Structure formats: structure tokens, C-alpha cells
Amino acid sequence: MSAPRYAVFGQPIAHSQSPFIQSAFGKAHGIAVDYRAIEASPDAFAAALEAFAAEGGVGANVTLPLKEAAFALCTTTTSRAQRAGAVNTLLRKGDRWHGDNTDGIGLVRDLTGRHGLDLRGRRVLLLGAGGAARGVAPALLDAGILELIVVNRSAERADALVDAMSEPGRAISAYWEALREQGDFELIINATSAARGGGEGFNLPLSLVNSMTTAVDLNYGEAAIPFLAWARASGCRNSFDGLGMLVEQAAESFQQWHGMRPETDAVYAQLRSRDAFLVTA
Ligand code: NDP
């Protein structure tokens with residue numbers, strides 16, 4: 001029987017750091033992890049996943065734009081994947097796929113562990129309502145934040161995200177155009193892909209920021225520069241990108257596949273030292 005295989009599916013996928021991260025976790029635990037990146041369009045994803053399973057695939061990560069399609073392909077899912085309506089971690093069980101979403105716990109571990117933030121009682125502004133936002137929203141609520149305001153370019157997607165949280169009064173949607181009326185926030189999270197591929201800068205009202213505001217971009221590398229530049233110029237006390245979340249969500253996937261919790265600081269430091277990820281704020 002061939003060795004178990006792991007992969008990350010997405011489109012595009014060449015930029016993915018997941019093969020490096022999973023191999024590094026494996027090395028630290030003395031496991032030779034066979035983990036590759038597989039490009040698949042939404043139309044081709046189901047067939048690609050089945051072909052992967054037939055070749056010994058037992059675990060996979062799923063990234064843009066396939067997380068909702070992955071959710072639909074799973075026979076069973078965790079409750080956090082159900083609340084997100086999106087799956088980023090697949091585990092083969094017999095001839096079926098089981099799905100989880102580790103994005104939210106990855107972000108919360110990065111915020112509370114690496115960056116020492118106490119999320120309890122905080123007002124949080126979430127920009128975006130795509131797959132990443134759906135993944136992190138339930139985890140933030142579970143971590144004890146006071147209130148989550150969700151703002152998205154397409155208002156109906158923000159409404160749908162809030163409805164899926166089933167937390168009336170704690171998770172609220174608002175119009176992007178009316179951000180000025182929302183007061184200030186202790187945590188502002190950019191979960192949009194607005195800056196991918198060289199988008200424009202962020203122009204958010206200064207009234208969102210107070211003396212304690214932390215700004216986090218789920219993006220990393222060049223795509224994080226516009227939002228972090230806005231945060232710095234607006235006087236946010238603290239601002240950083242999504243590289244730590246990337247490593248933490250990967251650690252959670254690794255634990256589910258291999259039954260061991262990897263230490264993340266060394267892998268994070270290796271990634272951070274690369275030219276592409278030197279910018280944090
Ligand atoms: P989706 O495609 O599912 O959602 C994209 C989101 O960005 C939507 O809310 C969309 O709004 C919004 N958006 C896109 N362009 C613009 C724009 N020009 N102005 C305002 N809003 C815009 O992507 P994901 O949610 O999966 O990913 C979002 C980002 O988070 C990605 O860049 C991804 O790299 C990053 N990410 C990082 C992770 C990490 O581990 N650090 C994990 C997962 C994601 P609308 O609904 O109106 O189209």
C-alpha cells in the first residue's frame with residue numbers, strides 16, 4: 001500500500017506556503033509528509049479530489065475559491081465548519097470526506113497566543129464576508145468578544161454571514177458606506193481580498209480607531225501592505241498580517257491528520273524571515 005498522501009487544493013495554488021509548512025511540521029516530528037499543491041478550478045474540484053483519494057489521499061487543505069465547494073462535498077462536517085458554511089481541512093474516513101474549518105481557531109490562537117491579545121469583551125469590526133470571514137466569525141464569538149460588526153462590499157453577503165452566526169445582538173451587519181456611524185473598535189480585521197493582485201489603498205474613517213485599536217489583515221505579503229499602511233497612518237496601536245494565522249490553522253490541520261500538535265514558532269520565524277513576508281506593519 002502506498003504512503004498516505006496530503007495536498008492543498010486551490011486556484012491559483014503555486015503561491016501556497018502550505019507544502020512548506022506541513023513538511024516542516026512533519027520533519028519536527030520525524031514524519032516524511034507527502035504533501036503537494038494541486039491546482040483545481042471549481043468545476044474540476046470534485047473529480048480532482050476523488051482522483052487524489054484513489055491515489056492514497058487521506059487529508060487535504062482547501063483554499064480560495066474552493067472552500068464552499070469542499071463543504072458541499074463532505075459527508076460529515078464539524079459544527080464550526082457548519083457555521084462557516086466552508087471547509088478548509090478534509091480528512092478521509094473510509095470512502096467519505098469529513099470536513100472542518102480551522103481558519104477561525106488559527107486566527108484566535110495567533111491573536112491570543114503569539115500577540116497576547118485578550119479578546120474578551122472587545123468590539124470587533126470584520127471587513128469582508130467571504131470564506132475567510134465566515135471561518136473566523138464563529139471563532140471570534142466563541143472567544144468571548146462583546147460584539148462583531150460585519151461590513152462587506154456586497155451588503156447581502158454580510159447579512160447572510162450574520163444570519164448564519166445565530167447570535168442576535170452580538171453579530172450585526174452594517175453598510176460599508178455607513179462605517180462612520182459605527183463608533184470605534186478595539187480590533188479591526190481585514191478579511192477582504194481587495195488588495196490581492198495590486199488593489200487600491202484602504203480609505204477607512206479615522207473614527208474607527210481608538211488608542212487601543214489593533215488592526216489585523218488576514219492577507220500576508222504584498223496583499224497586506226495597503227491595509228497595514230492605513231492602520232499605521234491612522235494611529236492603530238498594533239497592526240500585523242495573517243502569516244501567524246496561516247501557520248496556526250495549518251497546525252490544527254496537522255494535528256487532525258497525524259494526532260500530534262506541532263510547535264509553530266520555528267516555522268513562523270522561518271517564513272517571516274523571507275523577503276516576501278518581512279513586512280508586518
Ligand atoms: P473570498 O473570495 O471568499 O471573499 C473575498 C472578500 O473580499 C469578499 O468579502 C469580497 O466582497 C471582498 N472584496 C474583494 N474585492 C474587494 C474590493 N475591491 N473592495 C472591497 N471588498 C472586496 O476570499 P476569502 O474570504 O477566502 O479570502 C479573503 C482573503 O483572506 C484572501 O486574500 C486570502 O488570501 C486571505 N486568507 C488568509 C488566510 C490566512 O491563513 N492568513 C486564510 C484564509 C484567507 P464581495 O462579497 O462584495 O465580493
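Proline 65 sits in the loop between β3 and α3 (67–73). Helices here are DSSP runs of H or I with at least four residues, strands are runs of E with at least two, and both are numbered from the N terminus. The peptide bond between leucine 64 and proline 65 is cis, with omega at about -5°. Proline 12 belongs to the loop between β1 and α1. Serine 166 has a positive phi of about 50°, although it is not a glycine. That serine 166 lies in the loop between α7 (155–165) and β9 (171–175). Most residues other than glycine have a negative phi, and most peptide bonds are trans.

This is a predicted model, in which local features need pLDDT of at least 70, side-chain atom pairs count only at pLDDT 80 or more, and totals for chains, interfaces and linings use all residues. Residues are numbered from 1 along each chain as its sequence is written. The mean pLDDT of the protein chain is 94. Of its residues, 97% reach 70 or more. pLDDT is the predictor's confidence in each residue, from 0 to 100. For the complex, the predictor gives an ipTM of 0.99 and a pTM of 0.96.

Next comes the sheet. Six strands form an open sheet in the order β2-β1-β3-β5-β6-β4, and the pairing is mixed. Two strands pair if DSSP finds at least two bridges between them. The edges are β2 (34–39) and β4 (76–77); each has a single partner strand, so one side of each is left without a neighbour in the sheet. Strand β1 (residues 5–10) pairs with strand β3 (residues 57–62) in the parallel sense, over five bridges. In β3, glycine 57 stands opposite arginine 5.

Two helices lie across these strands. Helix α1 (residues 18–28) lies across β1, β2 and β3, and runs at about 170° to β2. Helix α2 (residues 45–54) lies across β1, β2, β3 and β5 (89–93), and runs at about 170° to β1. Axes are lines fitted to C-alpha atoms, for helices over the stretch in contact, and angles run from 0 to 180 degrees between N-to-C directions.

Now the helix pairs. Two packed helices are described by the angle between their axes and the distance between the axes. Helix α5 (residues 103–114) packs on helix α6 (residues 131–142) at an angle of about 60°, with the axes 7 Å apart. The two are therefore oblique to each other. Angles under 35 degrees count as roughly parallel, over 145 as roughly antiparallel, 65 to 115 as roughly perpendicular and the rest as oblique. The crossing of α5 past α6 is right-handed, meaning that the near helix is turned clockwise from the far one by less than a right angle. From α5, Asp103, Gly104, Ile105, Leu107 and Val108 meet Ala132, Gly135, Val136, Pro138, Ala139 and Leu140 of α6. Contact requires C-beta atoms, placed from the backbone, within 7 Å. By class, this contact of α5 with α6 has eight nonpolar, two polar and one charged residues. Ala, Val, Leu, Ile, Met, Phe, Trp, Tyr, Cys and Pro count as nonpolar, Asp, Glu, Lys and Arg as charged, and the others, Gly among them, as polar.

α5 also packs with helix α9 (residues 243–258), at an angle of about 120° and with the axes 7 Å apart. That makes α5 oblique to α9.
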